[in-house]
Amino acid sequence: MSEPSIFTRILKGEIPSEIIAETENAFVIRDIAPKAPVHLLVIPKTEDYRNVVELAAGDPDLLVELVGLANSAASEHSDGDFRLIFNTGERAGQTVFHVHAHVLAGGLEEKSLG
Ligand code: 5GP
């Protein structure tokens with residue numbers, strides 16, 4: 001059995017981080033190193049899925065739940081518009097292999113990807 005992920009340890013209260021929203025299957029925290037005025041992480045409680053590809057294949061309903069939670073958290077903590085990012089793989093910058101969505105919001109107009 002491998003060590004619990006940092007997010008599981010936060011969920012258990014072993015590492016301090018305020019849980020700002022929670023559903024039966026997922027929770028939301030603020031990123032410790034924000035890359036936007038609002039930078040939240042939406043995380044399933046299970047760490048069975050390492051990335052969004054595994055999650056989509058294994059539990060698509062949970063992926064839909066994460067998107068809904070991202071939307072409600074972005075409305076509560078910013079103006080409702082947001083960017084949703086799943087870093088997938090080390091070379092894409094993923095450092096925690098317990099799937100999570102980055103919700104970036106606030107002041108993104110100047111940093112359009114388009
Ligand atoms: P990844 O690089 O895997 O896509 O995203 C992991 C994110 O978790 C990073 O943006 C990093 O700043 C955040 N993070 C890592 N450790 C902690 C922590 O202990 N608390 C919080 N709130 N965020 C963390």
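The legends below accompany several close-up views of a predicted model of a protein with a ligand.

**Figure 1. Confidence and conventions of the predicted model.** In each chain, residue numbers start from 1 and follow the sequence as it is written. Because the model is predicted, local features are described only where pLDDT is at least 70 and side-chain atom pairs only at pLDDT 80 or more, while totals for chains, interfaces and linings use all residues. The protein has a mean pLDDT of 95, with 98% of its residues at 70 or more, where pLDDT is the predictor's confidence in each residue on a scale from 0 to 100. For the complex, the predictor gives an ipTM of 0.99 and a pTM of 0.97.

**Figure 2. The shell of residues around the ligand.** The ligand is surrounded by 14 residues, and the closest of them are Ile32, Ala33, Asn87, Thr95 and Val96; a residue is placed near the ligand if its C-beta atom, positioned from the backbone, lies within 6 Å of it. Sorted by class, this shell contains seven nonpolar, five polar and two charged residues, with Ala, Val, Leu, Ile, Met, Phe, Trp, Tyr, Cys and Pro taken as nonpolar, Asp, Glu, Lys and Arg as charged, and the others, including Gly, as polar.

Figure 3. Helices (H or I, at least four residues) and strands (E, at least two) are DSSP runs numbered from the N terminus. Helix α3 covers residues 60-77, and its 18 residues should span 26 Å at 1.5 Å a residue, which agrees with the 26 Å between its end C-alpha atoms; the expected span is 1.5 Å times one less than the number of residues. The buried residues of α3 are Leu66, Leu69, Ala70, Ala73, Ala74 and His77, where buried means 20 or more other C-beta atoms within 10 Å of the residue's own, exposed means 12 or fewer, partly exposed lies in between, and C-beta atoms are placed from the backbone. Viewed down the axis of α3, these buried residues fall within an arc of 135°, so they line one face of the helix, the arc being that of the directions from the helix axis to the C-beta atoms. The face turned away from this buried side carries the exposed residues Pro60, Asp61, Val64 and Val67.

Figure 4. Leu69, in helix α3, counts as buried because it has 23 C-beta neighbours inside 10 Å. Apart from neighbours within four places in sequence, Leu69 is in contact with Ala21, Thr23, Ala26, Val28 and Val42, contact meaning C-beta atoms, placed from the backbone, within 7 Å. Glu65 also lies in helix α3, but Glu65 counts as partly exposed, with 17 C-beta neighbours inside 10 Å.

Figure 5. Pro34 lies in the loop between β2 and β3 and is partly exposed, having 13 other C-beta atoms within 10 Å. Although Pro34 and Tyr49 are 15 residues apart along the chain, their C-alpha atoms are separated by 24 Å. Phe86 lies in the loop between β4 and β5 and is partly exposed, with 18 other C-beta atoms within 10 Å. Not counting residues up to four places away in sequence, Phe86 touches Asn51, Val52 and Ala101.

Methods:
Contact = placed C-beta atoms within 7 Å.
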